[in-house]
Amino acid sequence: MFIRYKDKFPALATVWDEYSCFQERLELPAKHLLLKEGSHARYYYAIEKGAVRAFLTSDSGEDKTVQFFFEGDGLSSFESFMREVPSVFTLETLEPTVVTRLPREKVMALLYQLKSAPEYTDILLYIFSDRQIHYMQEF
């Protein structure tokens with residue numbers, strides 16, 4: 001969610017870089033599960049290369065893809081990540097994928113630190129509106 005915007009907002013870039021020592025770069029094969037439905041989201045992922053899908057599994061066992069993520073995108077199961085509840089989604093790589101992950105507790109510390117930045121509200125509003133525009137353009 002944040003990494004894509006760090007060049008646009010200097011406060012975000014500075015804070016993000018402070019957390020670089022907690023970031024872990026992973027090279028993953030296709031069909032690797034980043035998160036399984038029913039598990040708790042423990043990481044925020046930024047995609048360097050590759051593609052990931054979020055999907056639900058119906059009662060009949062059928063997969064229903066609800067979202068795709070590509071290079072430059074950040075992802076997690078947002079409600080699981082923020083509220084510490086089981087995820088309703090599975091996150092799976094579609095091809096060999098390189099991600100950087102940051103543990104939830106570090107992301108929450110980063111958010112807390114950002115709250116003191118005067119442009120914090122502007123950053124969040126911009127990110128949320130950008131995502132809304134992205135989804136609207138898919139239809």
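Trainee: Where does Thr100 lie?
Mentor: Thr100 lies in strand S8. Strands here are DSSP runs of E with at least two residues, helices are runs of H or I with at least four, and both are numbered from the N terminus. Before we go on: this is a predicted model, where local features need pLDDT of at least 70 and side-chain atom pairs count only at pLDDT 80 or more, while totals for chains, interfaces and linings use all residues. Residues are numbered from 1 along each chain as its sequence is written, and side-chain values use heavy atoms, with hydrogens and water left out.

Trainee: Got it. Is Thr100 buried or exposed?
Mentor: Thr100 is buried, at 17% relative accessible area. Buried means under 20%, exposed means over 50%, and partly exposed is in between, using a 1.4 Å probe and protein chains only.

Trainee: Which residues does Thr100 touch, leaving out those up to four places away in sequence?
Mentor: Gln23, Glu24, Arg25, Tyr44, Tyr45, Ala46 and Glu48. Contact means heavy atoms within 4.5 Å.

Trainee: Which sheet order includes S8?
Mentor: The order is S1-S8-S3-S6, an open sheet of 4 strands with antiparallel pairing. S1 and S6 stand at the edges with a single partner strand each, so one side of each has no neighbour in the sheet. Two strands pair if DSSP finds at least two bridges between them.

Trainee: How many bridges pair S3 with S8?
Mentor: There are 6, in the antiparallel sense, between S3 (residues 43-49) and S8 (residues 97-103). Ile47, for one, has Val99 as its bridge partner in S8.

Trainee: And what joins S3 to S6?
Mentor: 2 bridges, with the strands running antiparallel. S6 covers residues 74-75. Ala46 stands opposite Gly74, and Tyr45 stands opposite Leu75.

Trainee: Switching topic. How many residues does the largest nonpolar core have?
Mentor: It has 30 residues. A nonpolar core is a set of buried Ala, Val, Leu, Ile, Met, Phe, Trp, Tyr and Cys residues joined through side-chain atoms within 4.5 Å. Those with the most contacts inside it are Leu34, Val52, Phe69, Leu75 and Leu91.

Trainee: Which elements supply at least two residues of this core?
Mentor: Among them are helix H1 (10-18), helix H3 (104-114) and helix H4 (120-136).

Trainee: What does Leu34 touch, not counting residues up to four places away?
Mentor: Leu28, Tyr45, Val52, Leu75 and Leu91.

Trainee: Now charges. How many salt bridges are there?
Mentor: The count comes to 7. The rule is a side-chain nitrogen of Lys or Arg within 4 Å of a carboxyl oxygen of Asp or Glu.

Trainee: What about Lys64, which residue does it bridge to?
Mentor: Glu62, with the closest N and O atoms 3.9 Å apart. Shared partners also join Arg25, Glu27 and Glu48 into one salt-bridge network.

Trainee: Last one. Where does Glu84 lie?
Mentor: In the loop between helix H2 (78-83) and S7. Glu84 is partly exposed, with a relative accessible area of 47%. Beyond its neighbours within four places in sequence, Glu84 is in contact with His40, Glu79 and Arg104. The C-alpha atoms of Glu84 and Ala41 are 7.3 Å apart, though 43 residues separate them along the chain.
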